[in-house]
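Welcome to my notebook. I jot down here what I looked up, one topic at a time.

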Amino acid sequence: MSISYINQQKAKLIDLALFEFFSVETLVELAALACVSAIKKVYSTNTHPRILAIAGPGNNGADTLVASRHLKQSGYNIEIFYPKRNKKEMFQNYVEQNVQYEVPFLEQLPQQIESNYDLIIDGLFGFSFQPPIRKPFDTIINKIKHLSENVPVVSIDIGSGQDVEKGNLNNLGIEPETLISLTLPKEGSKFFTGKHHFLGGNFLTKSLAKRFDVNIPQFPHGEMKKTIIKANKQKKTIKQQNNKQTTKTTTIKQKQKTNNNTTNKQRNKQNNNKQTTIQKPKKNEQKNNNQKTINKETINNKKQKTKNKQQYNQ
Ligand SMILES: NC(=O)C1=CN([C@@H]2O[C@H](COP(=O)(O)OP(=O)(O)OC[C@H]3O[C@@H](n4cnc5c(N)ncnc54)[C@H](OP(=O)(O)O)[C@@H]3O)[C@@H](O)[C@H]2O)[C@@H](O)CC1
């Protein structure tokens with residue numbers, strides 16, 4: 001069954017509908033845990049121990065605050081920049097929980113992020129973002145955008161500053177390496193160009209799916225769908241490049257065997273490439289195998305037919 005992409009209005013309505021039988025705290029806790037599970041899959045404590053989490057004023061920021069607490073408990077060295085604090089009790093509790101778990105809050109976006117952090121979590125804005133980006137977030141988003149060339153960025157639900165439905169219009173928003181969509185991917189994520197796209201938040205009921213005319217995604221790995229919901233444009237390119245990729249996979253494997261002196265970071269990058277590259281040719285291999293089977297069957301049928309004909313003629 002195909003994945004449903006939702007627009008901003010539907011995302012808000014589904015969220016409201018979930019509040020009919022979930023507390024906001026429960027949803028945030030589950031969404032955050034799904035994010036943590038995705039982050040751990042790609043960025044381990046060995047390769048990416050130092051994380052900078054940037055939390056926004058809404059529930060996207062709440063997900064980030066809670067995820068930070070879990071990541072700290074999982075052994076990461078995490079720090080939070082939370083420039084516009086939400087005064088609601090729930091948010092104050094999340095801050096206090098982080099304080100209790102000794103997660104530092106930074107007063108300013110730190111200098112030299114490239115050399116001091118291995119990963120940035122972008123939790124500024126989610127599906128309620130309305131362009132244009134207002135101060136002080138314009139400067140922050142701009143800075144992260146430029147850093148993302150050197151430090152991997154994970155965005156929760158939406159790359160902050162991106163249009164929820166149209167994606168990264170005029171390149172104003174953050175283009176993450178990893179995107180973690182929640183409940184269902186938003187329309188803008190069709191244009192996602194990063195490496196990893198996960199889906200978390202197994203929240204939909206049958207009746208909600210019917211009410212909002214969406215398909216319930218399957219979550220074969222518990223709460224997390226290790227989906228690679230790639231941009232349509234990319235899918236086409238992938239199809240065209242399938243044959244080339246089989247060769248690439250072998251090259252990467254050979255390189256990994258010979259290069260024992262790579263740093264952790266380099267090794268991780270290779271593994272990431274390997275992960276993405278290996279997953280794609282499988283389909284192709286499958287196709288080739290199917291093709292081989294069909295060809296074999298046709299030959300066998302032909303042989304059988306000739307035999308039958310010979311027997312009949314005798
Ligand atoms: N069901 C699910 O999938 C679940 C989803 N969850 C999560 O909730 C997220 C949605 O949360 P949300 O609705 O609180 O909104 P969010 O995007 O965080 O931002 C709102 C804040 O941003 C501000 N703001 C907006 N535009 C701005 C601009 N241009 N420039 C500056 N500021 C701007 C806006 O300010 P205001 O306009 O109100 O002044 C407000 O303060 C969702 O993406 C997911 O991560 C889970 O927690 C639970 C289950």
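Why are Phe91 and Tyr94 separated by about one helical turn? They are three residues apart in helix α4 (residues 89-100), so about one helical turn lies between them. Helices here are DSSP runs of H or I with at least four residues, strands are runs of E with at least two, and both are numbered from the N terminus.

Before going on, I note that this is a predicted model, in which local features need pLDDT of at least 70, side-chain atom pairs count only at pLDDT 80 or more, and totals for chains, interfaces and linings use all residues. Residues are numbered from 1 along each chain as its sequence is written, and side-chain values use heavy atoms, with hydrogens and water left out.

**Entry: aromatic rings**

I stayed with Phe91 and Tyr94 and found that they form an edge-to-face aromatic pair, 6.5 Å centre to centre with 70 degrees between the planes. For the terms, I count rings of Phe, Tyr and Trp (its six-membered ring) as a pair if their centres lie within 6.5 Å; planes under 30 degrees apart are stacked, over 60 edge-to-face, and the rest tilted. Are the two residues buried or exposed? Phe91 is buried at 2% relative accessibility, and Tyr94 is buried at 4%. Buried means under 20% relative accessible area, exposed means over 50%, and partly exposed is in between (1.4 Å probe, protein chains only).

How many aromatic pairs does a search of the whole structure find? I got six. Another of them joins Phe21 and Phe22, a tilted pair with 5.5 Å from centre to centre and 40 degrees between the planes. Phe21 is partly exposed, with a relative accessible area of 44%, and Phe22 is partly exposed too, with 24%. I also noted that Phe21, Phe22 and Phe203 form one aromatic cluster.

**Entry: charges over rings**

Next I looked for charges over rings, where NZ of Lys or CZ of Arg must be within 6 Å of the ring centre and within 35 degrees of the ring normal. Arg85 lies over the face of Phe105, 4.9 Å from the ring centre. Lys190 has its charged end over the ring of Tyr5, at 5.2 Å from the centre.

**Entry: the ligand**

Which residues come nearest to the ligand? Of the 22 residues around it, these are Asp63, Gly126, Ser128, Gln130 and Asp157. A residue counts as near if one of its heavy atoms lies within 4 Å. I sorted the shell by type and got eleven nonpolar, seven polar and four charged residues. In this sorting Ala, Val, Leu, Ile, Met, Phe, Trp, Tyr, Cys and Pro are nonpolar, Asp, Glu, Lys and Arg are charged, and the others, Gly among them, are polar.

Then I went through some N and O atoms by the ligand. A ligand oxygen is 2.6 Å from an N or O atom in the side chain of Ser128. An oxygen atom of the ligand is also 3.0 Å from a polar backbone atom of Phe127. On the nitrogen side, a ligand atom is 2.7 Å from a polar backbone atom of Pro132. How much of the ligand does the protein bury? Taken alone the ligand exposes 950 Å², and the protein buries 83% of that; the areas come from the Shrake-Rupley method with a 1.4 Å probe. The elements giving two or more residues to the shell are α1 (8-18), α2 (24-42) and α3 (59-73). Of these, α3 gives the most, with three residues.

**Entry: backbone details**

Pro132 turned up again here, as the peptide bond from Pro131 to Pro132 is cis, with omega near 0 degrees. I placed Pro132 in the loop between β4 (119-123) and α6 (137-147). Pro136 lies in the loop between β4 and α6, and the bond from Lys135 to Pro136 is cis as well, with omega near 0 degrees.

I then checked phi. Glu102 is not a glycine, but has a positive phi of about 65 degrees. Glu102 sits in the loop between α4 and β3 (105-106), and is exposed at 62% relative accessibility. Asn171 has a positive phi too, near 55 degrees. Asn171 is in the loop between β5 (153-156) and β6 (178-182) and is partly exposed at 48%.

**Entry: a look at β4**

My last stop was Leu119, in strand β4, which is buried at 0% relative accessibility. The C-alpha atoms of Leu119 and Val154 are separated by 7.6 Å, with the two residues 35 apart along the chain.

Terms used: A polar contact is a pair of N or O atoms within 3.5 Å; within protein, one must be able to donate a hydrogen and the other to accept it, and residues adjacent in sequence count only if both atoms are side-chain atoms.
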